[in-house]
Amino acid sequence: MNRVFVLITVAVLFVACVGIPISCQNGPSGIQEPVRDYRPVMEKTPTVRVLLVNNAREAHIAVYGSYQITGSLTNIIDQGQGLPKSAISINRYGINIGAKQYSNSEIRITSLRDGEIEVNNIRYRGEIKILQQVSNRFSVIEEVKLENFVAGVLGSEMPHSWNDEALRAQAVVIRTYVMYKRKEKRDDIYHLDMLDLAYRGMAGETPRINKLVQDTVGMVMAYNWNIFPAYFHSTCGGHTEDIHQVFGKESIPPLRGVVCKYCANTKYSNWRVEMNKSDIEKRLREANISVSNIQTVNAIDQGTGIHGAIVEIIAADGGREINANDFRLLVGANNLYSTSFSAKSNGRSIAFSGRGYGHGVGLCQYGAQNMALKGFQWTDIVKYYYPEMELLRVY
Ligand SMILES: [Zn+2]
């Protein structure tokens, strides 16, 4: 990817910018937002490696058509017509699939046609790699075309009933995030795992979702000719947050936070939850953070989006400070919706009043949907949430 963006830099000196018709239409803003065409600075169909199963002792695989199994040296070690649902396991002799044994520490299963391989009852379009790990454990990695992966994630990360323009904007955001991870982890066994993005193979796809992804094929966001981690979240609560505040990464204009009035009066724009102090203590203890007799907690060091960077825990033993995002994940991201909250002790519990759902960085999904409903185009939406970025088509 470094090479790719050197190429982009060279391209900008020599190539006239060509707007792509679909994205050159004017939105309500009246501002033309072209996508600059730098094709082909990347291979036509880049792939991405996704960790599907990690450190497991058992998983299941099935193939519904012709398939081939190759070893790490790409020599064919087996082939067949359909594979009934079979258990994958490891022993000291190698990898077992059903009753068959392969004396390899890595095998790759490819089907003749897309989407004929099933792992743990989910269909995948890509090639499946099984890698032996220590103690009879293994990982399963899918190597899939990037556009297919974007479609799978889009179908899992945003409601299918939402507006086309919001879904197109989300597709570009996902693609940019994936390209960033692909660059960041280019030398690793895999680029993304199941914690990075919601992905359930083909289960998230529909013909409409695939078409909306295809409408923006190869289009990504860049700042200063670099792809950036295009985070997104459900609801910002009024202002998106600076990336540095939440993830400690470099604060660049597209990820510095913007005012967002578009998610006002939505499901999670304002909320109130109550949590038992003993539950909070228990969850913290499970992560080896010991505090006893919590009095209250405070979200401090708030950024421009009013999301706290630190949570200060006031307790009988003096308390402590921990990273706010870590705190939220420890007590449950679906219990404490965001780190933009104020808290009040209420006897045995703490009452949290807050705004928004998610970490608050990048695209606000409810905001994007409401912008789309007001008639904004996907280009307006991404330009709004990631100021000063450039839209590029790279393949
Ligand atoms: Zn918002």
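This is a predicted model: local features need pLDDT of at least 70, side-chain atom pairs count only at pLDDT 80 or more; totals for chains, interfaces and linings use all residues.
Biologist: How many helices and strands does the protein have?
Modeller: Helices (H or I, at least four residues) and strands (E, at least two) are DSSP runs, numbered from the N terminus. Counted in this way, the secondary structure of the protein comes to 9 helices and 22 strands.

Biologist: Why does the radius of gyration agree with that of a compact globule?
Modeller: The radius of gyration is taken over C-alpha atoms, and the globule rule is 2.2 Å times the number of residues to the power 0.38. Because the protein has 395 residues, a compact globule would have a radius near 21 Å, and this agrees with the protein's value of 23 Å.

Biologist: Which residues touch the most other members of the largest nonpolar core?
Modeller: A nonpolar core is a set of buried Ala, Val, Leu, Ile, Met, Phe, Trp, Tyr and Cys residues joined through side-chain atoms within 4.5 Å, where buried means under 20% relative accessible area with a 1.4 Å probe and protein chains only. The largest such core holds 118 residues, and those that touch the most other members are Phe352 and Tyr386. Helix H3 (residues 164-184) gives this core its largest share, 11 residues.

Biologist: Is Arg272 buried or exposed?
Modeller: Arg272 lies in strand E15, and, leaving aside neighbours within four places in sequence, Arg272 is in contact (heavy atoms within 4.5 Å) with Ala351, Phe352 and Ser353. The C-alpha atoms of Arg272 and Phe352 are separated by 5.5 Å, although these residues are 80 apart along the chain. Exposed means over 50% relative accessible area, and partly exposed lies between the two cut-offs. Because its relative accessibility is 56%, Arg272 counts as exposed.

Biologist: Is Thr266 buried or exposed?
Modeller: Thr266 is placed in the loop between helix H5 (243-247) and strand E15 (271-276). Not counting residues up to four places away in sequence, Thr266 touches Thr235, Tyr366 and Asn370. Because its relative accessible area is 16%, Thr266 is buried.

Definitions and conventions: Residues are numbered from 1 along each chain as its sequence is written. Side-chain values use heavy atoms; hydrogens and water are left out.
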